[in-house]
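Morning, everyone. Please have the sequence and the model open while I talk. I'll go through a few places in turn.

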Amino acid sequence: MPVEPVEFSVLGPVRVRRSGAELGLGGPQERALLALLLVRAGQPVAVSEIVGVLWGPRPPHSAVNVIRRHVGSLRRLVEPGLPARAAGRWLARDAGGYRWAADAGSLDLLRFRGLREEARQSDAPARAVELLTEALALWQAPVAAQIPAEVRERAGFGGVDRERLAAVREAADAALLAGLPEAVLPRLREAAADNPLDEPLSARLVLALAATGRRTEALGVYRAVCSRLAEELGIDPGAELRDAHRAVLQDTYSVLPASAPVPAQLPHDLPTFTGRDAELNDVLALSDADGPAETVVISAIGGMAGIGKTTLAVHWAHRVADRFPDGQLYVNLRGFDPSGAVMSPGEAVRLFLDALGVPPERVPHGLDAQVALYRSLLAGRRLLILLDNARDTDQVGPLLPGTPGCLTIVTSRSQLPGLVSAHGAHARTLRPLDSEQARAFLTRRLGAARLTGESRAVAEITALCAGLPLALACVAARSAAHPQFPLSALAAELRAAHGSLDAFSRTDTAANVAAVFSWSLGAVSPGAARLFRLLGLHPGPEVSVPAAAALARVPVREARRLLDELAGVHLVGEHAPGRYALHDLLRAHAAELAEGEHPEDDRAAAADRLYAHYLHTTHAADRLLAPHADPLPPGQPPEGVAAEPLAGDRHALAWLSAEYMVLLAVIDAAANSGRDRLACLLAWSLEPFFDRRGHWHDWAAAQRTALASALRLSDPAWEARGLRGLARAEGRLGLHDLSRPRLRRALALFTGLDDDFGRAETHRSLGWDCDQRGDLPGALRHNQQALDLFRTGGHRAAQASVLNSVGWYHALLGQYRQALGHCFEALTLLQDLDDRYGQASTWDSIAYAQHGLGRHPHALLGYHNALTLYRELGVPYLEACTLVHIGDTHLATGATDEADAAWHQALTLLTSLGHPDAEQVRERLSKQGDRRDLA
């Protein structure tokens, strides 16, 4: 006889159906027992656990016999006619208990889990939405809904219910990525209503409502959740919910670029790689294995710097990079940087988000939200991720993908046992090269002919270098530079530098290779050796030729020659034209030599020159990017230091971009060394760059450092500036609850100091804060107060800028004639000042007002003037925005072809920038096409 199909349901009331007909399940205890076995399907459930679930801490003496009767009843129910002692299909004795044998075809819970896992593996967000919607449709109510609450609690069914909530959140994420928010709204509403204090769920509901055009409802949900959190828990909303609220206010519901870029960040592979054949084959076998890519760790015994971890990892990555079509990410986490400038997980995540095409202004606030976005971008993609020089598992954890498909390689001096235990990483420890590998290393670098007849010298060199590739590279570099020197002579020099082989054979590798480094330094000029020592004072991670010149107080041409000399013996590496870096061991060695050979005053003077070089060049760049902003001159530089010459704002942007990570390190180093004034000035000089490039998280961090320094200076004027600077950064991040009180405190300080310029600038910041909260009258009022103060003080440049702002807010409020009066006055001043950036912004405001008055030809003229200036200034995002406005104005006049042409140009620019605004332009073009079809 054919076996009748039996189906079991536990996602809601416990049910059993045979051939579609529902079977009666007996009493509550039998239902509870079946529910427990179904939820644990495939796993043995001990009799003692069943007793605890059914009766709690005080079961009757007959409990075990009652369970046996219930088991017998269940077997007869699902397999009628089965002999009493025969092995059944569904229910079996196992490991002192009972096990229910079900599969995804017979049990809804397993089918739900299978669909959810398939969604996680899907490459397409739309397919993931489809799978998760199907999975969630299996739920009729909470698990085993008709079972008494105390039994459900003892059975731990709440944990399975949380799987449903997690699936709702995953479906919402996938739907937002796929542009299908409507598909998940019913489930989101239901889940949020059942779990009103679940902030991540509410955040997704807010975003989905906004993305489907229900902006008012989205804001209402946010307010309701905030009120409930305050009333029931006495807390404010967390970062994720606040980020969702800000996204609604700013119309940025999606953070994904229109077309994700393919990053290619791997460092150059070493063409002379050798000596690690066994280790390479070992790690290649890991990445050749079938199944999803895993996290893989190359770690070395503690302290074994210079062992070649990065070289092996980079070589391996290049060997397998073609298997990861979505690109490669790389970051040096600086886990053991001698300066202590360890990279935080947040910094690394933001670097990766930038590489993946997320505009800085779309990066959410808070590490958890950033990690969630990062993992969402990786889901369904195949990338190779190299995390170099990690300090510990905590630093690495947030950077690991959340789903299989990506290969993650981590290098560290530590063994990272937490990564192995928590993430299933494969640990591989590198050891020093043996004599044969070391000889192969030298052969590859110098050629076999050079080693012929020099076996004893080669053996001594490899022994003195302790098998460390970094030390061997130094020897090979010097040998290659002097091909006429026999290796025996080099070995004798090394022997003399060490004093004895025994003295060299210590466990501290840094001390071991110090002799090799010192020997290499002996081969360069005194000037180069001095520069090497002073480089130990640089906060890292790279040094330019002009910065090295300031550090050593030598001409730039001489600094370049000295750096090339050091590179020739492998003591520095030129990683990009004109930019040099030291290995961590070499930096530590340089710092030790500097401390031992240079008096404290000399070291302090060198650091002062270095920091002054960065400060004065940054200030010069600030003047080019924001020529009419409130300046704070840095004073006279030390003798022998001058700002780098910058030819225009594009050159300024290029210099700031190249030195960006160095400048952040200098701010911290200056503050930590008591140079508080310099830390403040450098952070404040970077404001235009931070804002123009959207590096708001770094801006906030730098401003927090600057404010702490300003407070240590005990100067109200500096405190006021520090408060305003940090508030501006926090405002960009949407942290208005933090920024607003700071601005009010700054305003009070500037008022007490009778500083009208400071008051005016603070009013402008308060106006922008009002703008972000939708308070346009408040924004206008604060800008008008700023205008009055600037006029009284005779500050023409600031007056011109704020005139445009006043005009803009009049235009947004529909007061177009007042807007034009202020904007044309601003334009006259800005033309006199030759402020082209301000002129472009003002022409845009004028055109907006003209459009509002129905003067479309005048609007087009204004927009074209703005467009010309933005193109000359090289500001592609604002160029695209102006093109969108031009298209809107053409559409208003009925010139649909011209509108299409402008929108297509804007779309090309926004797509190349990876900017989410591209989607809005696509919608304009799509609607235009629909209108043509109807016509």
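Contact, in this talk, means heavy atoms within 4.5 Å. Helices (H or I, at least four residues) and strands (E, at least two) are DSSP runs, numbered from the N terminus. What you see is a predicted model: local features need pLDDT of at least 70, side-chain atom pairs count only at pLDDT 80 or more, and totals for chains, interfaces and linings use all residues. Residues are numbered from 1 along each chain as its sequence is written, and side-chain values use heavy atoms, with hydrogens and water left out.

First, the overview. The chain has 44 helices and 14 strands. Buried residues make up 51% of its 935 residues. Buried means under 20% relative accessible area, exposed means over 50%, and partly exposed is in between, with a 1.4 Å probe and protein chains only. Now take the contacts between residues at least 6 apart in sequence: 67% of them join residues at least 24 apart.

Next, a helix pair. Find α33, residues 696-713, and α34, residues 716-732. Their axes come within 8 Å and cross at roughly 165°. Axes are lines fitted to C-alpha atoms, for helices over the stretch in contact, and angles run from 0 to 180 degrees between N-to-C directions. That crossing makes α33 roughly antiparallel to α34. The cut-offs: under 35 degrees is roughly parallel, over 145 roughly antiparallel, 65 to 115 roughly perpendicular, and the rest oblique. The crossing of α33 past α34 is left-handed. Left-handed means the near helix is turned anticlockwise from the far one by less than a right angle; clockwise is right-handed.

Which residues of α33 and α34 meet? On the α33 side, they include W696, W699, L707 and L711. On the α34 side, W718, L723, L726 and R732 are among them. The residues of this contact of α33 with α34 divide into eleven nonpolar, three polar and four charged. Here Ala, Val, Leu, Ile, Met, Phe, Trp, Tyr, Cys and Pro count as nonpolar, Asp, Glu, Lys and Arg as charged, and the others, Gly among them, as polar.

Now a second pair. Helix α35 spans residues 736-752, and helix α36 spans 756-772. They pack at an angle of about 160°, with their axes 9 Å apart. That makes α35 roughly antiparallel to α36. The crossing of α35 past α36 is left-handed. From α35, the contact includes H736, L743, L747 and F750. From α36, it includes H763, L766, W768 and D769. The residues of the contact of α35 with α36 divide into six nonpolar, eight polar and three charged.

On to single residues. Look at L353, in helix α14, residues 345-355. Is L353 buried or exposed? L353 counts as buried, because its relative accessibility is 0%. Leaving out residues up to four places away in sequence, L353 touches V358, V363, Q370, L373, Y374 and L377. Take L373: it is 20 residues from L353 in sequence, and 8.2 Å away, C-alpha to C-alpha.

Q328 lies in strand β8, residues 328-332. With a relative accessible area of 14%, Q328 is buried. Its contacts, again without residues up to four places away, are P263, A264, Q265, L266, A321 and L384.

Last, a sheet. It is open, with three strands in the order β1-β2-β3 and antiparallel pairing. Two strands pair if DSSP finds at least two bridges between them. The edge strands are β1 (6-9) and β3 (21-22), each pairing on one side only. Strand β2, residues 15-18, pairs with β3 over two bridges. R17 has E22 in β3 as its bridge partner.
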